[in-house]
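Q: Could you take me on a close look at the central strand of this model and what surrounds it? I would enjoy one connected walk through its partners and contacts.

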Amino acid sequence: MRFEILRLDEVNGTTVDTTVVDAASVNRIVQQAAAVGQRLWIRPAETPAS
């Protein structure tokens, strides 16, 4: 499963960066964000219709 991770602006909460990663990478990214106090929004990535 893939997830979309949005990094949020510290002041107003708007999206400043978006990336799509596999499930195995989510924990690492969350740990890095927590270490520096970044705000994230994580949601399942949309999959293209077949």
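A: Let us start with a term: a nonpolar core is a set of buried Ala, Val, Leu, Ile, Met, Phe, Trp, Tyr and Cys residues joined through side-chain atoms within 4.5 Å. Buried here means under 20% relative accessible area, exposed means over 50%, and partly exposed lies in between, with a 1.4 Å probe and protein chains only. Please keep in mind that this is a predicted model, in which local features need pLDDT of at least 70 and side-chain atom pairs count only at pLDDT 80 or more, while totals for chains, interfaces and linings use all residues. Residues are numbered from 1 along each chain as its sequence is written, and side-chain values use heavy atoms, with hydrogens and water left out.

The largest nonpolar core has five residues: Phe 3, Ile 5, Val 21, Val 26 and Ile 29. Strand E1 and helix H1 (23-36) are the elements that give two or more residues to this core. Helices (H or I, at least four residues) and strands (E, at least two) are DSSP runs, numbered from the N terminus. In general, nonpolar side chains of soluble globular proteins tend to be buried together.

Now to the strand itself. E1 spans residues 2-8, and five of its seven residues are buried, so it is mostly covered. Its setting is an open sheet of three strands in the order E2-E1-E3, with antiparallel pairing; two strands pair if DSSP finds at least two bridges between them. E2 and E3 are the edge strands, each pairing on one side only. On average, neighbouring strands of this sheet are turned by 20° against each other, direction ignored. H1 packs on the sheet and touches E1, E2 and E3, its direction making about 145° with that of E2. For such angles, axes are lines fitted to C-alpha atoms, for helices over the stretch in contact, and angles run from 0 to 180 degrees between N-to-C directions.

On one side, seven bridges link E1 to E2 (residues 15-22). Among the partners in E2, Asp 22 faces Arg 2 across a bridge, and Asp 17 is the bridge partner of Arg 7. The two strands form a hairpin with six residues between them, and Gly 13 in the turn has a positive phi of about 80°. Towards E3 (residues 39-44), E1 makes six bridges, again antiparallel. There, Arg 7 has Leu 40 as its bridge partner.

Leaving aside neighbours within four places in sequence, Glu 4 is in contact with Thr 18, Thr 19, Val 20, Trp 41, Ile 42, Arg 43, Pro 44 and Ala 45. Glu 4 counts as buried because its relative accessibility is 18%.

Trp 41, by contrast, is partly exposed, with a relative accessible area of 45%. This residue lies in E3 and touches Glu 4, Ile 5, Leu 6 and Leu 8, not counting residues up to four places away in sequence. Arg 43 lies over the face of Trp 41, at 4.7 Å from the ring centre; a charge sits over a ring if NZ of Lys or CZ of Arg is within 6 Å of the ring centre and within 35 degrees of the ring normal.

How values were computed. Contact = heavy atoms within 4.5 Å.
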